[in-house]
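Reader: I would like to learn how to read helix packing and charged pairs in a model. Please take the features one at a time.

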Amino acid sequence: MNIAVVGTGYVGLVSGACFADMGVHVTCVDIDERKIDNLKNGVVPIYEPGLDVMVRRNVEAGRLKFTTSLKEVIDEVSIVFSAVGTPPDEDGSADLKYVVNVAREFGQHIKRYTVLVTKSTVPVGTAKKVKAVIQEELDKRGADIPFDVASNPEFLKEGAAIKDFTSPDRVIVGVESERARSLMTRLYRPLMLNNFRVIFTDIPSAEMIKYAANSMLATRISFMNDIANLCEIVGADVEMVRQGIGADTRIGRKFLYPGCGYGGSCFPKDVKALIKTAEKNGYDMQVLKAVEDVNERQKKVVFGKLKTYYKGDLKGKTIAVWGLAFKPDTDDMREATSLVTIQLLLDAGCRVRVFDPVAMEECKRRIGDKVEYAKDMYDAVLDADAMLLLTEWKQFRLPSWGVMKKTMKNALVIDGRNIYDKEELEEYGFEYHCIGK
């Protein structure tokens, strides 16, 4: 089976490589010539564990190719995946210009029955727009060529994307014809043989499932952060509360960990987009607006604890920041709590020293020389007045507290992810603050 994947960002490249690893012949398409040249040479533009090895393996096997032209390969494929970006527009709604561009090019060049599958996260109703654009291009050509559109949203967690693709909780496929369903069934048959669930729906439902899933997870995070903040006020321990409610099978334990806010490419964008979709249809998503407000406030909590400790006087203080990526196992800093925290520290007159195992170059690209870049985690805390933990990388979990106590100017740790033991740190002479205790 031959397919094309347009867009070699996170979703497109992971999907293309994983399909190729299943035996599908995949051509990844992107207008960025430099990115395509790098991929042809085995240079992967994103950090995702195992992806570089998978890409090289399938390129060498001849199952994975890269090009800048969809026109060159469209005659050879039966399915085209659209995996281009849908960045938030100025009003928070999803910007669909890249999705529309793919649909337009698809309509300009297909010569036989082909399915265009939207893998990008798009608002409900996008498939209708895509279909209309394709038909408009066919009409311009005076061509009567059958085609279908479908929706196949991704549910990949950064840092675990390959496992999520190859061993999914479920695969959602929205179709509107038996012909499209049959083709998508053939594509996903290897997963069906392993008894993974492939759920077929109508297209609007598939589009909604993606937004609803991410918004539910974001809601659980903001709910626990709200509970954690109240726990601090009333003297409760959020860890005990989390265990107590997580034991209820109706609730479950996942995504009940309090912290200093969620970020990344999905949750913030998707919550905003769903709120805007509702507004455009005359409905007010009150719960999601609160979720968004709580998260924006939570990103300032670690800084607030530091400011309270120093009674508002932070000018000239040296602050170490451990963790820049929005989560471990990625270099993604989109909507990361670190960006908010660093700006607050700089505005307060602090000297900021940062370290992240993977995201240092991304931080340099985003904020340049406004901060100092440490060579390792211990270099970051040298002569520091406090250490702020913002990303729970594994290598941060068991630091040498004895070494840090000797090298830090003031033994203060503010843990934005609740990964440390208060009693252990106090034994070493640290003052320890976390979330919800």
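Reader: Which residues of α9 meet which residues in α11?

Author: In this predicted model, Met 208, Lys 210, Tyr 211, Ala 212, Asn 214, Ser 215, Leu 217, Ala 218 and Ile 221 of α9 meet Phe 267, Asp 270, Val 271, Ala 273 and Leu 274 of α11. Contact means heavy atoms within 4.5 Å. Helices are DSSP runs (H or I, at least four residues) and strands likewise (E, at least two), numbered from the N terminus. By class, the contact of α9 with α11 has 10 nonpolar, two polar and two charged residues. Ala, Val, Leu, Ile, Met, Phe, Trp, Tyr, Cys and Pro count as nonpolar, Asp, Glu, Lys and Arg as charged, and the others, Gly among them, as polar.

Reader: At what angle do α9 and α11 pack?

Author: Two packed helices are described by the angle between their axes and the distance between the axes. Helix α9 (residues 203-234) and helix α11 (residues 267-280) pack at about 115°, and their axes are 9 Å apart. Axes are lines fitted to C-alpha atoms, for helices over the stretch in contact, and angles run from 0 to 180 degrees between N-to-C directions. The two helices are therefore roughly perpendicular to each other; angles under 35 degrees count as roughly parallel, over 145 as roughly antiparallel, 65 to 115 as roughly perpendicular and the rest as oblique.

Reader: How many salt bridges does the whole structure have?

Author: Side chains of opposite charge can pair when their charged atoms come close. A search of the whole structure finds 32 salt bridges, each a side-chain nitrogen of Lys or Arg within 4 Å of a carboxyl oxygen of Asp or Glu. One of them joins Lys 364 to Glu 361, with the closest N and O atoms 3.4 Å apart. Both residues lie in helix α15 (residues 360-367), three residues apart, about one turn of the helix.

Reader: Is Glu 361 buried or exposed?

Author: Glu 361 is exposed, at a relative accessible area of 55%, whereas Lys 364 is partly exposed at 37%. Buried means under 20% relative accessible area, exposed over 50%, partly exposed in between (1.4 Å probe, protein chains only).

How values were computed:
Residues are numbered from 1 along each chain as its sequence is written. This is a predicted model: local features need pLDDT of at least 70, side-chain atom pairs count only at pLDDT 80 or more; totals for chains, interfaces and linings use all residues. Side-chain values use heavy atoms; hydrogens and water are left out.
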